[in-house]
Amino acid sequence: MNDKILLCGNEAIAEAAVQAGCLFYYGYPITPQNEISAYMSKRMPEVNGVFIQSESEIAAINMTFGTSTTGKRTMTSSSSPGISLKMEGVSYMASCELPVVVINVMRVGPGLGNITPSQSDYFQATKGGGHGDYHVIVLAPASVQECADLTQTAFELADKYRIPVFLLLDGIQGQMREPVLIGKPNNINSYDKTWCLTGAENREPNVVKSLYLNDNESEAHQEKLQNKYKLITSNEQRAELYKTESAQILIIAYGTPSRICKPVVDKYRKKGIKIGLFRPVSLWPFPKDELKKLDLSVEEYLVVEWSAGQMIEDVKLTVGSRKPVNFLGVLGGRPMTVKEVEDKVETIIAKHGVHI
Amino acid sequence: MTTYTLPDEIRKIRSHYCPGCGHGILHRLVAELVNELDITEKVIAIAPVGCAVIAYDYWKFDVSEAAHGRAPAVATGIKRSLPDKVVFTYQGDGDLLAIGLSEIVHAANRGEKISVFFVNNNVYGMTGGQMAPTTLSGQKTLTTPYGRNETEIGPPIDILKILQDFKNVVYLARGTVTSPKEINKTKEYMRKSLQIQMDNKGFSLIEILSPCPTYWGMTAINALKHINETVVKNYPLGIIKDE
């Protein structure tokens, strides 16, 4: 596709996945991500792919498990309560080192919460979510274009590191329509697939497993996983730096809230206030190296999240306690307003007088 | 004179199964069938959570583990990706009928072109002998110390009865391993299941009544007698559906 088309974030993710060679999609209905399965149900037959509306989220993630063992690209999607159900499979796939892309179009939680947008699954996505010592890569788009681009990045990273990769977005991005150019990656088949289950033809049998009953083997397996996470942490940090030059006030926000913060940065920069926006694009690994570099000029941080405060913990782990880390959080699924962010910025400026 | 030899598809290592367990026989039957049907290079098995979780230590072909109960979903993902391969799950009664009931019912209803070998020994073996969905009424287990009480827990469940009216289920049979004759019958049921898959006909499931002397509190011989005299009354042997 060479022309921009008007799609919602959910549809952009679906088409980007197809263009990235994902021909196996399994999912279960839940709002606000239903456009993905609707799109896939129509699209997969056109490309000789497979669409199954599974009997549960648990079945869906385990169908991706099966397809992933064969070396084919596969994806499932859901929203917060459904993602909780998938976590069993994600933990197994993390241990079995199976590539998969999982889309979480976040809604309010805990429980059924609300179908409106939220960012309250940050802990679940970045700190594990399922049982065991593991991480998944977590990417957070902030536009429909980025929904498409990061979906394709997610497939690359999943194959490169043999790891589940999450796209963590909120309901607004899933539903919002923007012009988008869907790319077509050309390195789809360039990854090692000698470990896959394809029938042991002219080779020794392969086994995909997460059980290691021998203590030494078990320890070696866990260490192998941890070494992979260390490698990813040093290689795959991603962030957007928006007007961060000499920033004394640094707003940190991802996803839709980052877009609400941008006009605030613009407004105060015009007034001569040195304010910038740091937008994590990879939530795990958290882009701590770039953030640390900005620390030199910063006097106060402001973390803006659609939650009671989850990413703020990673910010504090990164920047320490020498400078104030302010917080603006909105709960319950109500969109935050530009005015709310401005008011918070005003209180920070007031503290410092004309100094900032 | 015919001399029996183990097929290449089974590794000649020491078994971890208890004396008198049926899994050893069934692992061998699977390996023999893979050999006889000449599908060693195109078979992909899914091992369950339970006593048979390390089936891949015995079988010499591609095997995946699955989370407890999820083998039919994993098999679905494999078979849909590689329709020319021969895919089977090997599952116990807790795996298939308790935690994995949803996965097996829906895989069957979709008519996934897989073979399911369902080993029913009326008990959870791996975890120490708890009640299974297939535990017989009155049977004592670690978690039914006074015997399974039908009014509180319900009677044992029969998966073949559940699946027999499903349009996309083409073959259902139940065998046992209590004698060479029954073992041969069971093997033919399993062969037919794999053949049905290779002919692209649809879903099939073979249930095998298998002894667990350890958690039945019986000798190996008495466990076989128990199957022949009591278990088969709850779970009748034979071909249940063949279309």
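In this predicted model, strand S10 of chain A and strand S2 of chain B pair in the parallel sense over two bridges. Within that pairing, Val208(A) has Ser64(B) in S2(B) as its bridge partner. The contact between the chains involves 29 residues of chain B and 30 residues of chain A.

- An open sheet of eight strands runs in the order S10(A)-S2(B)-S1(B)-S3(B)-S4(B)-S8(B)-S7(B)-S9(B), with mixed pairing.
- The edges are held by strand S10 (207-208) of chain A and strand S9 (238-242) of chain B; each has a single partner strand, so one side of each lacks a neighbour in the sheet.
- Strand S1 (residues 43-47) of chain B runs parallel to strand S2 (residues 62-65) of chain B, and four bridges join the two.
- Within this pair, Ala45(B) lies opposite Val63(B) in S2(B).
- Helix H2 (residues 71-81) of chain B packs on the sheet and touches S1, S2, strand S3 (86-92) and strand S4 (115-120) of chain B.
- The direction of H2(B) makes about 175 degrees with that of S3(B).

**The side of chain B that touches chain A**

- In the contact between the chains, 29 residues of chain B meet 30 residues of chain A.
- On chain B, the elements that contribute two or more residues to this side are S1, S2, H2 and helix H4 (101-110).
- H2(B) supplies the largest share, eight residues.
- Sorted by class, this side of chain B comprises 13 nonpolar, seven polar and nine charged residues.

**Packing of H2(B) against H4(B)**

- Two packed helices are described by the angle between their axes and the distance between the axes.
- The axes of H2(B) and H4(B) cross at roughly 40 degrees and come within 7 Å.
- At that angle, H2(B) is oblique to H4(B).
- The contact brings Pro72(B), Ala73(B), Ala75(B) and Thr76(B) of H2(B) together with Glu103(B), Ile104(B) and Ala107(B) of H4(B).
- Five of the residues in the contact of H2(B) with H4(B) are nonpolar, one is polar and one is charged.

**Chain B as a whole**

- Chain B contains nine helices and nine strands.
- The radius of gyration of chain B is 17 Å, close to the 18 Å that the globule rule gives for 243 residues, so chain B is as compact as a globular protein of that length.
- Along the principal axes, the C-alpha atoms of chain B fill a box of roughly 50 × 45 × 30 Å.
- Of the 243 residues in chain B, 55% are buried.
- Among the contacts in chain B between residues at least 6 apart in sequence, 67% link residues at least 24 apart.

**Chain A as a whole**

- Chain A contains twelve helices and 16 strands.
- The radius of gyration of chain A is 21 Å, which agrees with the value near 21 Å for a compact globule of 356 residues.
- The C-alpha trace of chain A spans about 75 × 50 × 40 Å along its principal axes.
- Buried residues account for 51% of the 356 residues of chain A.
- Among the contacts in chain A between residues at least 6 apart in sequence, 78% link residues at least 24 apart.

**A five-stranded sheet in chain A**

- Five strands of chain A form an open sheet in the order S11-S13-S12-S15-S16, with mixed pairing.
- Strand S11 (239-242) and strand S16 (325-329) of chain A stand at the edges with a single partner strand each, so one side of each is left without a neighbour in the sheet.
- From one strand to the next, the twist averages 20 degrees.
- Four bridges link strand S12 (residues 249-252) and strand S15 (residues 300-305) of chain A in the parallel sense.
- Ile252(A) has Val303(A) in S15(A) as its bridge partner.
- Helix H9 (residues 256-270) of chain A packs on this sheet, touching S11, S12, strand S13 (275-280) and S15 of chain A.
- The direction of H9(A) makes about 160 degrees with that of S13(A).

**A covered strand in chain A**

- Strand S5 (residues 100-108) of chain A is mostly covered, with nine of its nine residues buried.
- Strand S4 (residues 74-78) of chain A runs parallel to S5(A), and four bridges join them.
- Thr76(A) lies opposite Val102(A) in S5(A).

How values were computed
Residues numbered from 1 in each chain as written. Chains lettered and ligands numbered in written order. Predicted model: local features only at pLDDT ≥ 70, side-chain atom pairs only at ≥ 80, totals over all residues. Pairing = 2+ DSSP bridges. Contact = placed C-beta atoms within 7 Å. Axes fitted to C-alpha atoms, helices over the stretch in contact; angles between N-to-C directions. Nonpolar A, V, L, I, M, F, W, Y, C, P; charged D, E, K, R; others polar. Rg over C-alpha atoms; globule rule 2.2 N^0.38 Å. Buried ≥ 20, exposed ≤ 12 C-beta atoms within 10 Å, placed from the backbone. Parallel < 35°, antiparallel > 145°, perpendicular 65-115°, else oblique.
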